[in-house]
There are 2 protein chains.
Amino acid sequence: MGTTTESPRQRYRAQVQEEIKQHAWEQIATAGASALSLNAIAKQMGMSGPALYRYFANRDELITALIRDAYQSLADTIRSAAAGGADLRGLAQAMRVWALEDPQRYLLIYGTPVPGYQAPDDTRQLANDVMTKLLEAAGGDGLGALPASALGEHLAASDAGWATAYPAEPERLHRAVVFWTRLHGVLSLELAGHFDGMGFDPARVYAAEVEAVAGH
Amino acid sequence: MGTTTESPRQRYRAQVQEEIKQHAWEQIATAGASALSLNAIAKQMGMSGPALYRYFANRDELITALIRDAYQSLADTIRSAAAGGADLRGLAQAMRVWALEDPQRYLLIYGTPVPGYQAPDDTRQLANDVMTKLLEAAGGDGLGALPASALGEHLAASDAGWATAYPAEPERLHRAVVFWTRLHGVLSLELAGHFDGMGFDPARVYAAEVEAVAGH
DNA sequence: TCGCATCAGTGATAGCCTCTAACTGTCGCC
DNA sequence: GGCGACAGTTAGAGGCTATCACTGATGCGA
């Protein structure tokens, strides 16, 4: 593959960066992204604080790298589910498993953003990749008709690049958007613990929403 | 009303607490909840850092107070909309306006939680109040039938206190939950900026989801 | 193979933060 | 009018991000 020959130093650098991210994920999983501390990571790795700045210019850059990896992981999950022949329902299932596997990873992407933070372009690209895969699945066989609505037309009319592959299929666009927003609605509330103590099974709510989008 | 006679000191204390929260909201609106600094607030108010600890034992307690106020404000918004004769659609509109008015206030309640943070009981009560108001509106006139689904039965069967007023109305429970999760899905993605650059109008998506829940 | 440039990692430091402790001065209640 | 309660102060411990000047190892080209 296109692995441009790596110098030992580059290889080591990449390795350490990977290890840093590993520790960062552990911290995030237990204390949330806002509690992520470069200092603490450095100590865990047995080196002094400022050493980390050789690998990530600042805290934001590390978080950005984590966001990138999260998107990548989600895209991979969706891709492999689709490659395994999963339809829209299977895809929804795969996404839920992925989210529950590491709630903070999901929330890093789809959770509360820092007002100032601007995602770099390639991150937007990764988000778009995910959307494209949803669009592909949103046109599969075995899907019921969606109730009539003007939304599909609106989406088709105002397409700004996120659906260039299917510009003329309002129902597909509608289904993809609704798939995204509804599943995110259930998932994010579940992950944030807002269903705790309400006594019902979030999986059932999720499943019902999947059916509502996929049709009977 | 039951205003137990206030001493001047209590009055002053309450006033300062209110002023602190005011500054806190301004900070949160511009930099997010994770960037909230007691120190900075104190300086803005012309006093030294530790003085604030007379009013809030720690950072978490201040944030909890803000969360309480946010719930209260949302509950008031919903109540006054309902009192004004708004149906489920009107309620959805009022909620959207409330959310857009101050995105970080919405996200403080429904956004990414801090893993360690445990909401105090009265906060859970406030969340329940909101849910109860949704349940009331979810049984109004002029609502279409929801597609058949086992979710309503599940919700009715596993009721654990959040819907004691309407235990035997599966469709109402179903509608309330779906109202909540779907609108949150659209709203939270919009507020987090995930629709940016996609070229469609979030209000249209929101409206379509409202119609899908309220029926034609 | 040798020499040197590059780069990993260091301690010191500035400046921010939360939160505690000890102290002072003022306010209001009895 | 006096005293107790309480607001607000400074000092400081301990954490954080981030910069700087430095040391020492490493790997590359000559």
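How many residues of chain A are in contact with chain B, and how many residues of chain B take part? In this predicted model, 49 residues of chain A are in contact with 50 residues of chain B. The size of an interface is often given as the accessible area lost when the parts come together. Here chain A and chain B bury about 3800 Å² between them, and 64% of that area falls on carbon and sulfur atoms.

Alongside this carbon and sulfur share, the interface has polar links, with 15 residue pairs in polar contact across chain A and chain B, both residues of each pair being at pLDDT 80 or more. On the side of chain A that touches chain B, two or more residues come from each of helix H1 (8-31), helix H5 (103-110), helix H6 (121-137), helix H7 (151-157), helix H8 (170-191) and helix H9 (202-214) of chain A. The largest share of that side, 11 residues, is given by H8(A). Sorted by class, the side of chain A that touches chain B holds 27 nonpolar, 16 polar and 6 charged residues. The count of salt bridges between the two chains is 2, and one of them joins Arg182(B) to Glu209(A), whose closest N and O atoms are 2.7 Å apart.

His154(A) has its place in helix H7 of chain A, and it touches Phe200(B), Asp201(B) and Arg204(B), leaving aside residues up to four places away in sequence. Its side chain reaches the backbone nitrogen of Asp201(B) at 2.9 Å. Is His154(A) buried or exposed? With a relative accessible area of 13%, His154(A) falls under the 20% cut-off and is therefore buried.

Sugar and phosphate make up 64% of the atoms of DNA strand C that come within 4 Å of the protein. Tyr55(A), by contrast, places a polar side-chain atom 2.4 Å from a phosphate oxygen of DNA strand C.

For DNA strand D, sugar and phosphate account for 61% of the atoms that come within 4 Å of the protein. Its phosphate oxygens are approached from both chains: one is 2.7 Å from a polar backbone atom of Leu38(A), one is 3.4 Å from an N or O atom in the side chain of Ser37(A), and one lies 3.0 Å from a polar side-chain atom of Arg13(B). The largest share of the surface near DNA strand D, 4 residues, comes from H2(A), and by class this surface has 11 nonpolar, 5 polar and 6 charged residues.

Terms used:
Residues numbered from 1 in each chain as written. Chains lettered and ligands numbered in written order. Predicted model: local features only at pLDDT ≥ 70, side-chain atom pairs only at ≥ 80, totals over all residues. Heavy atoms only, no water. Contact = heavy atoms within 4.5 Å. Buried area = accessible area lost by both parts, 1.4 Å probe. Salt bridge = Lys/Arg side-chain N within 4 Å of Asp/Glu carboxyl O. Polar contact = N/O pair within 3.5 Å; in protein donor to acceptor, adjacent residues only side chain to side chain. Nonpolar A, V, L, I, M, F, W, Y, C, P; charged D, E, K, R; others polar. Near = heavy atom within 4 Å. Buried < 20%, exposed > 50% of the residue type's maximum accessible area, 1.4 Å probe, protein only.
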